[in-house]
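Let's take a quick tour of this protein. Keep the picture handy and follow along from one topic to the next.

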Amino acid sequence: MEVGSLKIAYAPGKVILFGEHAVVYGQPAIAVPVTQVQARATVEPGSEGQGITIVAEDLEQSYSLEQAPPSDALRAIVVSTLEHIGVGTKHDLAITVSSTIPIARGLGSGAAISTAIVRALSQHFGNLLSPQTISDLVYETEKIYHGTPSGIDNTVIAFEKPVYFVRDQKIKIFSVKRPFLLAIADTGIASPTKIAVSDVRRAWKREREKYEEIFEEIGTIAEMGRRAIERGEIETVGRLMNENHRLLQLIGVSSPELEGLVEAAREGGALGAKLSGAGRGGNIIALVTQETRSRVDLMLRLAGAKDVIITEVS
Ligand code: PMV
């Protein structure tokens, strides 16, 4: 989108349907975009000599690229994008970011903000980048947020399609035979991915065999989940979500709040429910139908959900 010399770009949120954590260890996972929430980035020319200014509206922060430390994730994505495009960092620009994606809730807020920045900068310099290139650039920044990210967030957000993802392999897009609805319910608890992922790594180092067996089971569920989605077997998808949640409990990433929401969704008539993303806090997802969506939504709110989004996977 172009308004005068202002460039505006967006990127959606995402949820992981199957395979979180195990995906870090090479197992397949499935993630889908969530367009009801989004990150936005604008790029506009600044006054002469101002350099590049980054404005993070939600955090009420404004700083110059030059002053920001290399560990600053916004600085990192701006610098790597400009280097990739081949235009260097000497420009007078204001880059403004904002987002309706709650932070640290497994909805991919970091990857979405980075993706929106890459898109807005590439528009500004008239150098449109492919989804794969955007994904690769964002992946580098994800390391700042996550430590050892699998790459699933940047992939699903840059491609904006349901993806079947295996670390270090080319993205596989698959077909959704019968569209289905997911209720996404927020515990309201921020849970940095980096911490959950490093706790799981520590436990895996202690009990390698046990954890690898669980990861393999999760991988099998993701594979079966893909087949069920391709065949339109929605009830099977729900059953597999419940099974995936049980395995996530075993690796220690659930929490009383997540359990409360998963239970409430199932009581409300969801076909399946599980935590989504790194766990400990963040969101659960529940498979609902047109008939059960209102009741599940109500049950989730009564159980303490801070927000409920219903999104269609198609
Ligand atoms: O960003 P989140 O909270 O959706 O978590 C990402 C999923 C993990 O599998 C836990 C980590 C990763 O890098 O894939």
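This is a predicted model: local features need pLDDT of at least 70, side-chain atom pairs count only at pLDDT 80 or more; totals for chains, interfaces and linings use all residues.

Helices here are DSSP runs of H or I with at least four residues, numbered from the N terminus.

- Ala-76 counts as buried because its relative accessibility is 17%, and buried means under 20%.
- Ala-76 and Glu-20 sit 56 residues apart along the sequence, and their C-alpha atoms are 25 Å apart in space.

**A strand hairpin**
- Strand E10 (residues 272-276) is largely enclosed by the rest of the structure, because 5 of its 5 residues are buried.
- E10 runs antiparallel to strand E11 (residues 283-288), and 5 bridges join the two.
- Looking across the pair, you'll find Ser-276 opposite Asn-283 of E11.
- E10 and E11 make a hairpin with 6 residues between them.
- In that turn, Gly-277 has a positive phi of about 95 degrees.

**Salt bridges inside helices**
- Side chains of opposite charge can pair when their charged atoms come close.
- The model has a count of 14 salt bridges, and a few of them are picked out below.
- In helix H3 (residues 131-146), Lys-143 and Glu-140 are 3 residues apart, about one turn of the helix.
- The side chains of Lys-143 and Glu-140 meet in a salt bridge at 3.3 Å, N to O.
- Lys-143 is partly exposed at 35% relative accessible area, and Glu-140 is partly exposed too, at 45%.
- Over in helix H6, Arg-226 and Glu-223 are separated by about one helical turn, because they are 3 residues apart.
- Arg-226 bonds with Glu-223 in a salt bridge whose closest N and O atoms are 3.8 Å apart.
- Arg-226 is buried at 19%, whereas Glu-223 is partly exposed at 23%.
- Helix H9 (residues 293-302) holds both Arg-301 and Asp-297, 4 residues apart, about one turn of the helix.
- The salt bridge between Arg-301 and Asp-297 has its closest N and O atoms 2.6 Å apart.
- Arg-301 is partly exposed at 40%, while Asp-297 is buried at 17%.
- Salt bridges with shared partners also link Asp-199, Arg-202 and Arg-280 into one network.

**A negative patch**
- Which residues form a negative surface patch? They are Glu-209, Glu-213, Glu-216 and Glu-217.
- Glu-217 belongs to helix H6, residues 208-231.
- With 36% relative accessibility, Glu-217 counts as partly exposed.

Methods
Residues are numbered from 1 along each chain as its sequence is written. Side-chain values use heavy atoms; hydrogens and water are left out. Patches are made of residues with over 30% relative accessible area and no salt bridge: like charges are joined within 9 Å, nonpolar side chains (Val, Leu, Ile, Met, Phe, Trp, Tyr) within 5 Å. Accessible areas come from the Shrake-Rupley method with a 1.4 Å probe; for residues, only the protein chains shown count as cover. A salt bridge is a side-chain nitrogen of Lys or Arg within 4 Å of a carboxyl oxygen of Asp or Glu. Lys and Arg count as positive and Asp and Glu as negative; His and the chain ends are not counted. The place of a charge is taken as NZ of Lys, CZ of Arg, CG of Asp or CD of Glu. Buried means under 20% relative accessible area, exposed over 50%, partly exposed in between (1.4 Å probe, protein chains only). Two strands pair if DSSP finds at least two bridges between them.
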